[in-house]
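Welcome! Please take a moment with the sequence and the 3D view below, and then we can walk through a few parts of it together.

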Amino acid sequence: MAGRRAEDSAVSQQPGNRGLSDFDPPKKPKRNKYAFACAILASMTSILLGYDIGVMSGAAIYIKEDLKISDVEIEILLGIINVYSLIGSAAAGRTSDLIGRRYTIVLAGAIFFMGAILMGFATNYVFLMVGRFVAGIGIGYALMIAPVYTAEVSPASSRGFLTSFPEVFVNIGILLGYVSNYAFSKLQTHLGWRLMLGIGAVPSVILGVGVLAMPESPRWLVMQGRLGDATRVLNKTSDSKEESLLRLADIKEAAGIPEYCTDDVVQVVKRSQGQDVWKELFLRPTPAVRHILICAVGIHFFQQASGIDAVVLYSPRIFEKAGITNSDHKLLCTVAVGLAKTIFILVATLLIDRIGRRPLLLTSVAGMVLSLGSLAVGLTIIDQHHGAKMTWTTALCLTMVLAYAAFFSIGLGPITWVYSSEIFPLRLRAQGCSIGVGMNRVVSGVLTMTFISLYKAITMGGAFFFYAGIATVAWVFFYTMLPETQGRTLEDMEVLFGKFHKWKEANALLETRAQVDHGGDGNNRSGMIQLETKGPSL
């Protein structure tokens, strides 16, 4: 720190630069290209889930026709992969702590590859379910490890932008799945759906090759006592040398390594197989940890309970109910949904570090409530007219499905993964994130395995009124319980959390501490840089 202050002082004394620190505001650091590349490679694992969701939406039509199975069996086939993925997400925390984040990504790709091949060669319903089981485990690993790795390599200035990448690639995968449906729909029924599923093995191969260019997570390296390797990675993925040193100091403190230890390799006391972590999460949580856990589990619950997978997986049925009966037209409409999700998730990545998590999240969920309610109204009117085709209700339903996909993708979709991966302290992160992913998959599985039965019981309009109600409750939960985390260092989160709905008091405490630490005189430029790393006024 002293070296940086000396450097700034020297700059300010150069001709033409006198008083620079007094008058120039701190410049926003440029995007770190190395961290950007690492985030892209890690996030490619999320294509696996996205492709499966998208492709099963259309493939289910042809699977039902070819294998002569019932609607209940279709529900189970589409939703059961979320239950299977729990095995992968439950094992991913321990696996990633043992073999590292990078090789866990390789493992996820390899498992999904085997599952995709099995599904592509399936000859009956049971064989297909075996393939879904294997692919589900791979998806569980991928869902947990991608946001964790990305959060751990990202500098604070662009952590939200980079950690939203997994959701970006989920949406790209969904779009590819929809396109695959349309591309292979002209083939013979028994061949088309098998190609739709089997070609999902291709992203796994690309992922396995690309991961060789990735470094290991600096936090995992520190936990293994490999300080030299961690320092080299941090130097490449930080916005400045000073930030690299700050990040290293924070990680060493969280891992229980004394600050004076500077050897390349040091001895780290290993935890007893993670039992202490689970006790701290569930049996003896501090108020901060309890608040973090409630927020992480809550945001994952509401992301799925508000109906997104029902819309994405069953969009052909929704469009048919709305009056679009031509198969090609239904598949093209699903492609439009995929495009809407992909475009707006890209917009979200540009906004998430500029305007913060809370404004995007609350705007997103409010838009979802309105679009779900409008979709429910349109479908209910169609039911009341006994399915009579009305152009305006068809247009309303199509527009509201696209609006719902867009609102979801600009906020709740990416922020769920960004938020849950950045709020857990280092010692709890792997297991904490796996709990969030587990909740996400359970709710998704329940929703997708009950949607057909639900809308047959209370009508399709009634089902979407139900999801709109859940989204309304979600908005209230997010408004009262979730603090803004934009710009905060990962190791600051335990200070920010712990007061539950009174979290603004903790936020004020952090701001006061920042002002005391840096004197508030506006002349210490290194202080301003450190304050920017800790976070802006919320």
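## A cluster of rings

Tyr314, Phe451, Tyr455, Phe464, Phe466 and Tyr467 are joined into a cluster by ring pairs. You are looking at a predicted model, so keep that in mind as you find these side chains. By the pairing rule, the count of aromatic pairs comes to 14.

## Two ring pairs up close

Let us begin with phenylalanine 36 and phenylalanine 165. Their ring centres are 5.4 Å apart and their planes stand at 85 degrees; an angle over 60 counts as edge-to-face, so this pair is edge-to-face. The pair links distant parts of the chain: phenylalanine 36 belongs to helix H3 (residues 33–43), phenylalanine 165 belongs to helix H9 (residues 165–184), and 129 residues separate them. Phenylalanine 36 has a relative accessibility of 30%, so it counts as partly exposed. Phenylalanine 165, with a relative accessible area of 6%, is buried.

Now turn to tryptophan 278 and phenylalanine 282. This aromatic pair is stacked, with 6.2 Å from centre to centre and 10 degrees between the planes. Both residues sit in helix H15 (residues 275–283), and because they are 4 residues apart, about one helical turn separates them. Tryptophan 278 is partly exposed, with a relative accessible area of 34%. Phenylalanine 282 also counts as partly exposed, at 47% relative accessibility.

## Where two helices cross

Two packed helices are described by the angle between their axes and the distance between the axes. How do helix H20 and helix H22 cross, and within what distance do their axes come? The axes of H20 (residues 357–384) and H22 (residues 412–423) come within 9 Å and cross at roughly 140 degrees. An angle over 145 would count as roughly antiparallel, and H20 and H22 are therefore oblique to each other. Their crossing is left-handed.

On the H20 side, the residues that meet H22 are Arg357, Leu360, Leu361, Ser364, Val365 and Met368. Their partners in H22 are Leu412, Ile415, Val418, Tyr419 and Glu422. Sorted by class, this contact of H20 with H22 has 8 nonpolar, 1 polar and 2 charged residues.

## A buried threonine and a buried leucine

Threonine 104 is found in helix H6 (residues 101–120). Is threonine 104 buried or exposed? Its relative accessibility is 0%, so threonine 104 counts as buried. If we set aside neighbours within four places in sequence, threonine 104 is in contact with Thr95, Ser96, Ile99, Tyr141 and Ile145.

Leucine 248 has its place in helix H14. With 12% relative accessibility, leucine 248 counts as buried. Not counting residues up to four places away in sequence, leucine 248 touches Val222, Thr231 and Leu234. Alanine 230 is 18 residues from leucine 248 in sequence, and their C-alpha atoms are 7.8 Å apart in space.

## A glycine in a loop

Finally, look for the loop between helix H14 (241–255) and H15, where glycine 256 lies. Glycine 256 is exposed, with a relative accessible area of 61%. Which distance separates the C-alpha atoms of glycine 256 and arginine 427? Although these two residues are 171 residues apart along the chain, their C-alpha atoms are separated by 9.8 Å.

Technical notes. Residues are numbered from 1 along each chain as its sequence is written. This is a predicted model: local features need pLDDT of at least 70, side-chain atom pairs count only at pLDDT 80 or more; totals for chains, interfaces and linings use all residues. Side-chain values use heavy atoms; hydrogens and water are left out. Axes are lines fitted to C-alpha atoms, for helices over the stretch in contact, and angles run from 0 to 180 degrees between N-to-C directions. Helices (H or I, at least four residues) and strands (E, at least two) are DSSP runs, numbered from the N terminus. Angles under 35 degrees count as roughly parallel, over 145 as roughly antiparallel, 65 to 115 as roughly perpendicular and the rest as oblique. A crossing is left-handed if the near helix is turned anticlockwise from the far one by less than a right angle, and right-handed if clockwise. Contact means heavy atoms within 4.5 Å. Ala, Val, Leu, Ile, Met, Phe, Trp, Tyr, Cys and Pro count as nonpolar, Asp, Glu, Lys and Arg as charged, and the others, Gly among them, as polar. Rings of Phe, Tyr and Trp (its six-membered ring) pair if their centres lie within 6.5 Å; planes under 30 degrees apart count as stacked, over 60 as edge-to-face and the rest as tilted. Buried means under 20% relative accessible area, exposed over 50%, partly exposed in between (1.4 Å probe, protein chains only).
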